[in-house]
Amino acid sequence: MSIKLMTAVWDRQDLSSTQKLVLLSLADWANDEGLCWPSIDRLAIKTSMTGRSVQRIIRDLESMGFVRRDEVLGKGNRYWISI
């Protein structure tokens, strides 16, 4: 859990409530360098959203430059948060 990243997310005013919730959830799993690797299912449970919604929001956050996603074959995705 990165308190530093979570605080930075809370301070953002340019995110929708669902974008902020998904980004906060990622930050909750991240280390201070911004690296985390939760599954879509775990994010969906944590945010009370569907997996599809979480995937869409992560794509939005990627296009906005807040998240970078690296696919790890056979293991899922790693996410890098940059705020």
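I began with the terms: two strands pair if DSSP finds at least two bridges between them, and I took helices (H or I, at least four residues) and strands (E, at least two) as DSSP runs, numbered from the N terminus. The model is predicted, and I kept to its limits: local features need pLDDT of at least 70, side-chain atom pairs count only at pLDDT 80 or more, and totals for chains, interfaces and linings use all residues. Residues are numbered from 1 along each chain as its sequence is written, and side-chain values use heavy atoms, with hydrogens and water left out.

Sheet. I looked up the strand order and found an open sheet of three strands, β1-β3-β2, with antiparallel pairing. β1 (35-36) and β2 are the edge strands, each of them pairing on one side only. Between β1 and β3 I noted two bridges in the antiparallel sense, with cysteine 36 opposite tyrosine 79 in β3.

Hairpin. I then followed β2 (residues 67-72) into β3 (residues 76-81), an antiparallel pair joined by six bridges, where aspartate 70 has arginine 78 of β3 as its bridge partner. Three residues lie between these strands, and glycine 74 in this hairpin takes a positive phi near 80°.

Serine 2. Leaving aside residues up to four places away in sequence, serine 2 touches Ala27, Ala30, Asn31 and Asp32, where contact means heavy atoms within 4.5 Å.
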